[in-house]
Amino acid sequence: MTALRLAAVTAGYRGRTVVRDVSAHVPAGSWLAVIGPNGAGKSTLLKSIAGLVPSTGDVSVDGRSVAALGHRERARLIGYAPQTPSLPEGLTVTDYVLLGRTPHLGPLGRESRSDLDLVSGVLARLDLGKLADRPLRTLSGGERQRAVLARVLAQQAGVLLLDEPTTGLDIGHAQALLELVDQLRKADGTTVVSTLHDLTLAAQYPDRVLLLDGGDVAAVGTPAEVLTADRLSRHYAASVTVLTGPDGSLVVAPTRR
Ligand SMILES: Nc1ncnc2c1ncn2[C@@H]1O[C@H](COP(=O)(O)OP(=O)(O)OP(=O)(O)O)[C@@H](O)[C@H]1O
């Protein structure tokens with residue numbers, strides 16, 4: 001069980017601040033969605049939690065500031081799946097997903113039977129079993145996206161940072177992936193922070209939603225509190241209706257002006 005806390009996180013690139021003063025508590029086993037229009041700073045916020053862009057403020061996991069941790073120790077605590085990763089195209093899916101085990105390997109860096117079994121299990125759960133021996137360069141966009149997620153799931157970190165995990169996935173694979181993430185947090189207490197453009201999915205899976213606009217926190221709360229038609233119209237310059245689906249969950253639908 002791993003809780004994540006952000007305290008006044010401010011991050012940017014070469015002197016330009018693009019995320020300002022973000023504070024949030026993400027309890028162990030909970031799911032925070034970071035939403036907001038293009039360029040709002042969502043990916044930058046995730047990268048700063050992963051330690052990939054310079055930031056000020058503090059990121060702590062179970063009360064330990066991650067700035068003080070080495071790369072390997074941080075990778076055991078925090079797994080990060082980027083939005084547009086550059087992939088080692090020649091590797092097979094299995095070998096690529098096995099890279100997720102790197103922070104757990106012994107001094108010789110050799111994977112054990114249990115690492116291989118874990119990777120096969122993850123591939124099966126992401127519907128990648130039949131592609132296990134295929135080089136990454138031969139995969140479709142959605143298959144590549146699932147391979148990236150398989151790698152981060154194989155890492156078995158307590159905190160998962162998923163940047164637009166459903167990009168390029170069809171509706172069935174998107175649902176299967178989010179259900180799998182949901183199962184992980186319920187079964188293992190994995191803590192999830194994901195960016196999501198699909199606001200209906202943001203309403204259905206996470207416990208809390210943080211809306212970024214222009215690098216600032218514009219709202220944070222439960223999906224029902226944050227995802228109102230008025231707020232979404234204002235921050236996205238969009239025309240939307242928020243409906244209630246048959247199961248009581250919210251559906252954010254675009255409407256013609
Ligand atoms: N490596 C970089 N160097 C300089 N500026 C960057 C870099 N990466 C992102 N930015 C800028 O930082 C701002 C926030 O970008 P970021 O990718 O975090 O936004 P986002 O909310 O994830 O957007 P999107 O929804 O389009 O993916 C943008 O103005 C972007 O141009």
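The UniProt annotation "domain: ABC transporter", from an unreviewed entry, covers residues 4–239; UniProt positions follow the numbering used here, feature names are shortened, and annotations may be inferred rather than shown by experiment. Residues are numbered from 1 along each chain as its sequence is written. Please keep in mind that this is a predicted model, where local features need pLDDT of at least 70, side-chain atom pairs count only at pLDDT 80 or more, and totals for chains, interfaces and linings use all residues.

Back to that annotated span: residues 4–239 are 36% helix and 26% strand, and the end C-alpha atoms lie 34 Å apart. The chain has 9 helices and 12 strands, meaning DSSP runs numbered from the N terminus, H or I of at least four residues for helices and E of at least two for strands.

How does the radius of gyration of the chain compare with that of a compact globule? For 257 residues a compact globule would be near 18 Å, and the chain agrees because its own value is 18 Å. That radius is taken over C-alpha atoms, and the globule rule is 2.2 Å times the number of residues to the power 0.38.

Now, the inside. Of the 257 residues, 36% count as buried; that takes 20 or more other C-beta atoms within 10 Å of a residue's own, while 12 or fewer is exposed, in between is partly exposed, and C-beta atoms are placed from the backbone. The largest nonpolar core has 64 residues, and L45, V97 and A150 are among those with the most contacts inside it. Such a core is a set of buried Ala, Val, Leu, Ile, Met, Phe, Trp, Tyr and Cys residues joined through C-beta atoms within 7 Å.

Which helix gives this core its largest share? Helix 5, residues 141–154, with 7 residues. Leaving aside neighbours within four places in sequence, A150 is in contact with V97, V122, L123, L126 and L128, contact being C-beta atoms, placed from the backbone, within 7 Å.

Four strands form an open sheet in the order 2-1-4-5, with antiparallel pairing; a pair needs at least two DSSP bridges. Strand 2 (16–26) and strand 5 (64–65) are the edges, each pairing on one side only. Strand 4, residues 55–61, is joined to strand 5 by 2 bridges, and V61 has R64 as its bridge partner in strand 5.

Last, T228 sits in the loop between helix 8 (223–226) and helix 9 (229–236). T228 is partly exposed because 15 other C-beta atoms lie within 10 Å.

Conventions. Contact = placed C-beta atoms within 7 Å.
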